[in-house]
Amino acid sequence: MALDVSIPQYRENIYSKAAILDPYPHYAELRALGPAVWLPRHRAYAISRYADCKSVLLDDETFISGDGVALNPLANRLGRGTTLNSDGDQHALKRSVLAHRLTPRAVRKMTAAVEDKAEQIVDAALAKRFVDGVDDLATALPTSIVPDLVGWPEEGRDNLLRWAGATFDSLGPVNRQSIKATKAAGEMLAFSKRVVRERSVLPGSMGDDVLTAADENRIEKSKCPALMIDYLAPSLDTTIGAISSALHLFARHPEQWQALRDVPDRIPNAVNEVVRYESPLRAFSRRAVRDVEIGGTPVPSGARILVIYASANRDPREWHDPDSFDITRDAARQLGFGSGVHGCAGQGLARLETQTILRILARRVHRIEPAGTPKWAINNVIHRFEKLPLRLVAAEGTPS
Ligand code: HEM
């Protein structure tokens, strides 16, 4: 694969700790350099502008996922067999086994359970007043809803957050983080193999659907362990990221919190704006299977293509004043959930969880205030807080 010398290059490490903590200046440089920019350190082409990201995501025949969506070969090999890492009919088949569990109708049926849980979370947080936005508000909902849906055995739940975070971390480039994470990601797969062997999923769950599909020869038995964690691994840190970023942004922008409380119908769009502004999943890759042009820049067959959702969502070619947080802008076309055939299968549920927490907080919390220095998690793929000290000021008439 000879490199066309006319193609712009960016020599910085966009996965260094500093870049993970503040990726946006790098993304601005990449967008300014051109539609496809060669990253020599990561041996991939960065696609950072909104229109180009969208067109790559929509052309799944040219830009395939079956060779993996990570930036390193080991993770791409280990991830084989998942919905995320498959193409064409195989992808459609895997998605069909579980998609009925997350249709808008199915998600609507989860509303009452999500509301009950969210009420309990907000009650407990209000009683404390000084909270950690991550531990006390953002984590409990995602870590209770999807594990039940998937039917993950109770005994495997303590490790879930660590395993799922590591699974994302392992999808970065070859760096110290991804190498370290591979062990924990492997533990999750090993546990899942045991779950399949022992058929220890909860009855009537998604996991049960996977085993039944294998019993009926609709999918290969060897694919079951990967499918079992297919919906679990991507459901936790992402949603924790969306909820915690929402809390952070509303704490820093009290006028936006007031705008949300004044008109609660703004909540669905506010969630889009949060996911646009602080995209929980920064980037995934594809493999080009033919010589192709991206935004007029030639890219050779075989090249790895990094689609940076978090950059597309801050592209001034697409968004007016993209670095300002504004829940009244129309943010529905943000790419934080991806787009095209691999567009997030769980976004209905992620939206329900995030909207529900915000709706209950809006009813009961007058102000969310920063109460210390927040800390971002260091992860190759996930953009979320690790610690988020906040003070909740109850609305009048709300017991706290
Ligand atoms: C705010 C929360 C979430 C965000 C930002 C998010 C983001 C994404 C993105 C960007 C993709 C596209 C991957 C690609 O282009 O290759 C994706 C795919 C996926 N997501 Fe999510 N996600 C979230 C929550 C969830 C939840 C709650 C679930 C499960 C219940 C889930 C399950 C999946 C699955 C199974 C895929 C693979 C779809 C496929 O390849 O066909 N996600 N997600």
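The shell around the ligand is made up, by class, of 15 nonpolar, nine polar and three charged residues, where Ala, Val, Leu, Ile, Met, Phe, Trp, Tyr, Cys and Pro count as nonpolar, Asp, Glu, Lys and Arg as charged, and the others, Gly among them, as polar. The model is predicted, with local features needing pLDDT of at least 70 and side-chain atom pairs counting only at pLDDT 80 or more, while totals for chains, interfaces and linings use all residues. Residues are numbered from 1 along each chain as its sequence is written, and side-chain values use heavy atoms, leaving out hydrogens and water.

**Around the ligand**

- Of the 27 residues around the ligand, those that come nearest are His-91, Arg-95, Tyr-309, His-342 and Cys-344, a residue being near if one of its heavy atoms lies within 4 Å of the molecule.
- An oxygen atom of the ligand lies 2.7 Å from an N or O atom in the side chain of Arg-95, and an oxygen atom of the ligand is 2.8 Å from such an atom in the side chain of Tyr-309.
- For His-342, a polar side-chain atom is 2.6 Å from an oxygen atom of the ligand.

**Helix packing**

- Helix α15 (residues 254-262) packs with helix α18 (residues 347-364) at an angle of about 95 degrees, their axes being 9 Å apart.
- That angle makes α15 roughly perpendicular to α18, a term that covers 65 to 115 degrees.
- In this contact (heavy atoms within 4.5 Å), Trp-257, Leu-260 and Arg-261 of α15 meet Leu-358, Leu-361, Ala-362 and Arg-363 of α18.

Terms used
Axes are lines fitted to C-alpha atoms, for helices over the stretch in contact, and angles run from 0 to 180 degrees between N-to-C directions. Helices (H or I, at least four residues) and strands (E, at least two) are DSSP runs, numbered from the N terminus. Angles under 35 degrees count as roughly parallel, over 145 as roughly antiparallel, 65 to 115 as roughly perpendicular and the rest as oblique. A polar contact is a pair of N or O atoms within 3.5 Å; within protein, one must be able to donate a hydrogen and the other to accept it, and residues adjacent in sequence count only if both atoms are side-chain atoms.
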